[in-house]
Amino acid sequence: MERIKRVFVEKKEPFAVEAKGLLNDLRNNLGMKNIKNIRICNRYDVMGLSDTEFAMAKKLVLSEPPVDIVFDDNLPTDKNDRVFAVELLAGQYDQREDFAEQCIQLITQKERPVVAAAKVYVVSGNLTDVEFAKLKSYCINPVEASEAELAKPETLGFFNEQPQKIKRVDNFMVMNKEQLETMRVEMGLAMSLADLLWCQTYFRDEEKRNPSITEIKVLDTYWSDHCRHTTFMTEIDDVKFDNTKYSKAIQDAFNKYLAVRAEVYGKDSKRPLTLMDMACIETKKLKQMGKLQDLDQSEEINACSIVVPIDVDGKKENWLVMFKNETHNHPTEIEPFGGAATCLGGAIRDPLSGRSYVYQAMRVTGAADPRTKIADTITGKLPQRKITVGAAAGYSSYGNQIGLATGYVHEYYHPKFVAKRMEVGAVMGAVPQNAVKRERPQAGDIVILLGGRTGRDGCGGATGASKEHTTDSLTNCG
């Protein structure tokens with residue numbers, strides 16, 4: 001069996017910013033005054049390299065000699081130090097591992113090696129077992145990570161089972177309401193029973209077959225709040241205004257909406273009254289008045305696009321300027337770094353798929369007081385400080401990697417954000433109009449899915465925002 005090569009990489013004392021920041025955090029926010037010092041090391045287990053190749057990888061990929069100390073096989077610690085390691089959950093995308101493998105392959109020009117990464121914490125000080133457990137709980141978010149073994153594994157090989165034939169939902173067409181509700185709960189679906197009944201009618205009367213589990217999961221994903229914004233499509237049939245200092249202003253705005261709605265759809269329109277309709281009605285009115293001549297319209301549903309004449313070296317060119325915003329409140333609440341990173345990534349995705357280059361971003365967030373004592377954290381939630389700091393790091397990480405400037409950042413603080421964080425990202429992109437070619441998909445076209453693994457949620461990962469959450473969500477939401 002091939003021997004696994006292990007290396008620990010630790011920042012030299014003047015550059016140990018992460019360790020110093022965590023030490024300060026633990027002392028001041030967790031009240032762990034007995035901690036004398038904390039060290040953080042990146043641990044790499046590598047398989048598939050010769051000794052010469054591994055020596056080269058250590059210097060060129062796994063460490064930066066001017067700022068890092070490298071230890072082979074064993075990490076030196078004092079006998080009274082407490083040590084634990086953290087790794088991402090199986091199936092969770094590990095950027096450090098992926099990039100290390102790619103970079104090593106670039107320098108060896110051979111088969112891609114296997115790299116397993118973990119973060120090792122070395123804690124010095126007179127800590128009780130309870131305090132140590134509290135420290136580990138603070139450092140390990142169960143949604144994305146778990147404590148790793150300290151011993152070196154025998155192999156890094158991953159053995160994938162043969163995929164089974166896709167299962168169908170037996171007897172779906174003939175289930176009664178009680179059976180469908182039981183199925184909805186057991187499958188963890190975000191859709192309502194009414195949605196499931198609609199699916200049953202479709203498959204029974206149109207397809208005349210039972211659906212596969214995959215089909216139900218895909219429908220559940222695309223009908224979730226995350227994808228379809230079902231909350232904003234809820235039909236409003238009764239409106240009352242409380243007697244507050246804002247009542248008149250709100251009622252006046254609502255009456256104005258009703259008046260504009262009557263102009264756009266006609267006074268006798270049966271169109272449902274929804275929050276989404278309120279948000280869009282003014283744009284529809286402008287379009288009806290012929291004042292949206294610069295709107296770029298197509299069958300694509302990407303970012304909002306307008307046509308703008310731009311002076312390019314003294315010559316007028318028509319460019320598409322695109323705008324897009326993304327909310328990632330729920331993902332950031334339970335996985336701050338990844339949730340905020342993909343908030344920006346989700347906003348980037350749409351103008352990018354519209355063939356534009358994204359130039360500028362904006363971030364607006366909402367949090368409860370991040371200075372709140374860790375001991376006062378609501379059961380089943382992450383501390384506000386951990387969410388706030390982790391989210392800021394995640395957003396900036398994604399933006400920095402693709403070179404996107406964020407010109408406006410603002411965080412609002414209010415105690416009600418403790419219920420759920422607000423994470424909003426917005427971007428702006430542009431592309432020459434003549435560079436965008438649009439065609440309608442045809443039967444027989446080849447569809448290519450291009451990209452890397454991004455998480456362990458699988459089909460249905462986006463439905464979390466549509467579900468009711470409990471104290472168990474932090475451990476089972478992934």
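This dialogue goes through a few features of a predicted model.

User: Which residues form the nonpolar patch on the surface?

Analyst: The patch is formed by Val239, Phe241, Tyr246 and Ile250, and together they have about 360 Å² of accessible area. One of them, Val239, lies in the loop between helix H8 (225-228) and helix H9 (247-265). Val239 counts as partly exposed because its relative accessibility is 35%.

User: At what angle do helix H12 and helix H13 pack?

Analyst: Angles under 35 degrees count as roughly parallel, and 65 to 115 as roughly perpendicular. Helix H12 (residues 336-353) and helix H13 (residues 384-402) pack at about 40 degrees, with their axes 6 Å apart. H12 is therefore oblique to H13. The crossing of these helices is right-handed.

User: What is the phi of Asp313, and what is that of Arg355?

Analyst: Asp313 is not a glycine, yet has a positive phi of about 55 degrees. The place of Asp313 is in the loop between strand E7 (304-312) and strand E8 (315-327), and at 81% relative accessibility Asp313 counts as exposed. Arg355, also not a glycine, has a positive phi of about 75 degrees. The loop between H12 and strand E9 (357-367) holds Arg355, which counts as partly exposed at 32% relative accessibility.

Note on methods
Residues are numbered from 1 along each chain as its sequence is written. This is a predicted model: local features need pLDDT of at least 70, side-chain atom pairs count only at pLDDT 80 or more; totals for chains, interfaces and linings use all residues. Side-chain values use heavy atoms; hydrogens and water are left out. Patches are made of residues with over 30% relative accessible area and no salt bridge: like charges are joined within 9 Å, nonpolar side chains (Val, Leu, Ile, Met, Phe, Trp, Tyr) within 5 Å. Accessible areas come from the Shrake-Rupley method with a 1.4 Å probe; for residues, only the protein chains shown count as cover. A salt bridge is a side-chain nitrogen of Lys or Arg within 4 Å of a carboxyl oxygen of Asp or Glu. Helices (H or I, at least four residues) and strands (E, at least two) are DSSP runs, numbered from the N terminus. Buried means under 20% relative accessible area, exposed over 50%, partly exposed in between (1.4 Å probe, protein chains only). Axes are lines fitted to C-alpha atoms, for helices over the stretch in contact, and angles run from 0 to 180 degrees between N-to-C directions. Angles under 35 degrees count as roughly parallel, over 145 as roughly antiparallel, 65 to 115 as roughly perpendicular and the rest as oblique. A crossing is left-handed if the near helix is turned anticlockwise from the far one by less than a right angle, and right-handed if clockwise.
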